[in-house]
Amino acid sequence: MKAAGINCSPRVNCNTDQMVCSALKGCAEAGFETAHYNLYQNGRFTGCLSCFGCKRSPHEGECVVNDGMKEILEAVREADVVIFGTPNYLGDVSAGFRSLYERMQFSNLTYQKEQRWYNTYDKEILLVMSSNASEELIR
Ligand SMILES: Cc1cc2nc3c(=O)[nH]c(=O)nc-3n(C[C@H](O)[C@H](O)[C@H](O)COP(=O)(O)O)c2cc1C
């Protein structure tokens, strides 16, 4: 069984990454083979380009854009458990996480009513978000 942890903060080993690593440590202790990725250190990447390559043979269900995110998308596909970490940026996920989300989700959509998704396997997903709101602001 494989667990992949993806840090979608540009900062390595900071708040978000520490939570991702902590969750991965738990997976390792439970006997999972683990892999850790820093999205922003893996080469340049983009969000979905709407090229529709993921709807065409022989790549149905797979993003065909060849950039720094490719390895991470493959790791997500192969893992049984995926831990995504993102900082809170302006009350939302980071732009990097959003790019990853676009490419994961859009490539999986068939655009067909009969079968809506290419990939029908189950995965366990954990999304962790780190924030910096003060006690006063969240009360
Ligand atoms: C561009 C930007 C926007 C942020 N927006 C928020 C926010 O809306 N709310 C909040 O609580 N923290 C916000 N923060 C703080 C980060 O979410 C917080 O420091 C986070 O733990 C940083 O994660 P990291 O250490 O993995 O980079 C923001 C930080 C940055 C750089």
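User: In this predicted model, which residues does Ser 107 touch, not counting residues up to four places away in sequence?

Analyst: Ser 107 touches Cys 54, Lys 55, Gly 61, Glu 62, Cys 63, Glu 102 and Tyr 118, where touching rests on heavy atoms within 4.5 Å.

User: Why is Ser 107 called buried?

Analyst: The relative accessible area of Ser 107 is 7%, and because buried means under 20%, Ser 107 is called buried.

User: How do you know that the span of α3 is close to what is expected?

Analyst: Helix α3, which covers residues 95–108 and includes Ser 107, has 14 residues and reaches 20 Å from its first C-alpha to its last, against the 20 Å expected at 1.5 Å a residue. Its buried residues include Phe 97, Leu 100, Met 104 and Ser 107, and among the elements covering the buried residues of α3 are β1 (2–7) and α2 (70–78).

User: What makes Ser 107 a lining residue of the largest cavity?

Analyst: A lining residue has an atom within 4 Å of a cavity point, and Ser 107 is listed in the lining of the largest cavity, together with residues including Cys 54, Cys 63, Arg 103 and Phe 106. That cavity holds about 90 Å³ of space, and its lining divides into 9 nonpolar, 2 polar and 1 charged residues.

Terms used:
Residues are numbered from 1 along each chain as its sequence is written. This is a predicted model: local features need pLDDT of at least 70, side-chain atom pairs count only at pLDDT 80 or more; totals for chains, interfaces and linings use all residues. Side-chain values use heavy atoms; hydrogens and water are left out. Helices (H or I, at least four residues) and strands (E, at least two) are DSSP runs, numbered from the N terminus. Buried means under 20% relative accessible area, exposed over 50%, partly exposed in between (1.4 Å probe, protein chains only). The expected span of a helix is 1.5 Å times one less than its number of residues. On a 1 Å grid over the protein atoms alone, a cavity is a set of points where a 1.4 Å probe fits but cannot get out, and a pocket is an open set with protein on both sides within 12 Å along at least five of seven lines; lining residues have an atom within 4 Å of a point. Grid points are joined across faces, edges and corners, and a volume is the space filled by probe spheres set on the points. Ala, Val, Leu, Ile, Met, Phe, Trp, Tyr, Cys and Pro count as nonpolar, Asp, Glu, Lys and Arg as charged, and the others, Gly among them, as polar.
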